[in-house]
Amino acid sequence: SLLLVGLGIGYFNYASEPALSDDSKIAVASLVSKFSFKLGLDLSGGTHLVYSADVSSIPLSERDGSMESLRDVIERRVNLFGVSEPVVQIERVGIFANEDDKDTYRLIVELPGVTDTDKAIAMIGETPIIEFKKERPEEEVQAILEGRQKLREAIMEGRDAGEPDPIIFQDIYEPTGLTGRFLERATLEFDSTTREPVVSLQFNKEGAELFARITKENIGKILAIYLDGAPISEPVIQQEITGGQAVISGGFTGKNGAEEAKILVGRLNSGALPIDELKLLSTQTIGPSLGEEARGDGVNAGLLGLALVALFLIAWYRLPGLVAVLSLGIYIMIVLALFKLIPVTLTAAGVAGFVLSIGMAVDANILIFERMKEELRGGRNIPDAIREGFSRAWLSIRDGNTSSIITAVILFWFGSSLIEGFALTFGLGVLVSMFSAIVITRTFLLVVARGENKGIARFLFGTGIK
C-alpha cells in the first residue's frame, strides 16, 4: 500500500505540471494543473525590486498595519497589469525598532516574466490613488448598461454587433474631484448600539467642504470609492454630511465583517499616504534563458547526486540499501507534493535546502543500518535486529533532526526572503525525512525480513565486502 501511495503521489506531481498536460493526457491532468511548481525569479526569469519604506512618522504600533496596507495596494496594482503570480513581501531589517528608524522595513517585489526594469518600476512606483466617484445621471447609466447588454447578447449569439457605441466603455461613476489627498485618516470602529464594525473617515478642511457639497447633491445615490482605478467600496449617501467626518456602515455584518472593514481601512489609508517615502534601493533582472539554464543545471545535478547515492546504498548495504532507495523515492514524491500544495516558491536557494534535506534522509537510513549491523553481529535474528536497530537509532535521529528544524525555524524567522526559501524547503524536508526513515523504511524492511541471519539472508543483510 505504501508503494501504491507513493506511485499515486508521483503521478500527481507529474500530471499537475502544465507543460505535461496536453491533449494526449487523461482528463485528470486538467483538474490538478493549478498545482504546478511555483518558480522563483532565479529559475524562471523576471524582475526583482527592493524598496525602502520610510515609516519614521508613524507610531510603532501602527507600522505593521501601514506596511500591510501598502503591500495590498502594490499587489492590486501589479495584478492590474496582468503579471502572472507576482510576489510582494514585507521584510524587517532589524528585530528592534525605534521612533527614528527610517529603513526598518523593506518591500520586496518579484515580477515573473517581466524583464523590462523601467516598466516594472513605473508599474509600482507611483503613490496609491484614492478617488471618490458619484453616479452619472440616470439616463446615462441606463444607456451604458443597455449598450453593454446588447453587445453581450450579440457576442453570445455569434451575431455581428457592428461598431459599438463608445458610451458602453464609460464607467457608470464619474469623478467628483475628491481624492485621497483630502483624506486624513480612516479608522475601524464599532457601533455603540449594534456592535457592528464601521469605517470612520476624517477629511481635512478643504476635503470636508467638498465632501459636504457632494453628499448634499447626491442623497440616496452611491458614492463609490476607487483605489488605483478599481472600486473597493460602494456606500450609499444617506444624508448631507458636514464637519468632514463620515461613517461607512451596514456592509460589514457577515462572519468576516470586522476583517473586511479592517481591509477597507488599510486600503483607504494606503491611498492617504500611510508612509512618508517609498524609495527604490536595488533592481535585479534575470532573463528567461538564464533562469531556464539554472533550472536545468539544478535538476541535472540533483538527478546525478541521487543516482550516485542510490548506487552507494545498494552496493554497500545490499537489500536494506535497495529498501532505502525505494523509501527515498517516496520521500522525494511527498516533499515535491507538499511544495505544490502549500505552495512553496522554489528558488535556487530553496532547491539547495531540499537537496540538503535529502542528505539528512540518507543519513538517517545509514544510522539505522549501522545499528542493525551491530545487532546482527550480536547474534539476533533479522526481524529482531531490525526492530532493535530502529529503536536504538531513533534517539540519535530525533535529536539531530530536531536541532536541524530549530535552525531552519531561526533562519526562516530572522532571515531575508532568499534565506527564507532555503529554510522552508530544508525544514519541510527534514520533517518528512523523519517519517520516511522511521515509518516507510522500517515497514519495507520488516516485510522482506525473514528468519535467521545465515545463508542468503546473511549476505542480503550484510554490508560492504563481507
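A salt bridge is a side-chain nitrogen of Lys or Arg within 4 Å of a carboxyl oxygen of Asp or Glu.

**View 1. The Asp399–Arg398 pair of the predicted model.** Asp399 and Arg398 form a salt bridge in which the closest N and O atoms are 3.1 Å apart. This separation meets the criterion because it falls within 4 Å. Asp399 is partly exposed, with a relative accessible area of 45%. Arg398 also counts as partly exposed, at 33% relative accessibility. Elsewhere, salt bridges that share partners link Arg371, Glu374, Glu375, Arg380 and Arg392 into one network. The structure holds 11 salt bridges.

**View 2. The Glu140–Arg136 pair.** A salt bridge joins Glu140 to Arg136, with 3.6 Å between the closest N and O atoms. Are the two partners buried or exposed? Glu140 is partly exposed, its relative accessible area being 30%. Arg136, by contrast, counts as buried because its relative accessibility is 17%, and the limit for burial is under 20%.

**View 3. The Glu184–Arg185 pair.** Glu184 forms a salt bridge with Arg185, and the closest N and O atoms lie 3.9 Å apart. Glu184 counts as partly exposed at 45% relative accessibility. Arg185 is likewise partly exposed, with a relative accessibility of 45%. In general, side chains of opposite charge can pair when their charged atoms come close.

**View 4. An open sheet of three strands.** The strand order is β7-β8-β11, and the pairing is antiparallel. β7 (183-190) and β11 (245-248) stand at the edges; each has a single partner strand, so one side of each is left without a neighbour in the sheet. From one strand to the next, the twist averages 25 degrees. Seven bridges connect β7 with β8 (residues 197-203) in the antiparallel sense. Strands of a sheet pair through backbone hydrogen bonds, either parallel or antiparallel.

**View 5. The largest nonpolar core.** This core contains 40 residues, of which Tyr331, Phe339, Ile368, Ile386, Leu445 and Phe461 touch the most other members. Four helices, α9 (288-341), α10 (348-377), α11 (382-414) and α12 (417-448), each supply at least two of its residues. Which helix provides the largest share of this core? That share, 13 residues, comes from α9. In soluble globular proteins, nonpolar side chains tend to be buried together.

View 6. When residues up to four places away in sequence are not counted, Ile386 touches Met372, Leu445, Leu446, Ala449 and Phe461.

**View 7. The protein as context for the close-ups.** The protein has 13 helices and 13 strands. Of its 466 residues, 41% count as buried. Among contacts between residues at least 6 apart in sequence, 74% join residues at least 24 apart. The accessible surface comes to about 24,800 Å², and carbon and sulfur atoms account for 58% of this area.

Terms used: Residues are numbered from 1 along each chain as its sequence is written. This is a predicted model: local features need pLDDT of at least 70, side-chain atom pairs count only at pLDDT 80 or more; totals for chains, interfaces and linings use all residues. Side-chain values use heavy atoms; hydrogens and water are left out. Buried means under 20% relative accessible area, exposed over 50%, partly exposed in between (1.4 Å probe, protein chains only). Contact means heavy atoms within 4.5 Å. Accessible areas come from the Shrake-Rupley method with a 1.4 Å probe; for residues, only the protein chains shown count as cover. Two strands pair if DSSP finds at least two bridges between them. Axes are lines fitted to C-alpha atoms, for helices over the stretch in contact, and angles run from 0 to 180 degrees between N-to-C directions. A nonpolar core is a set of buried Ala, Val, Leu, Ile, Met, Phe, Trp, Tyr and Cys residues joined through side-chain atoms within 4.5 Å.
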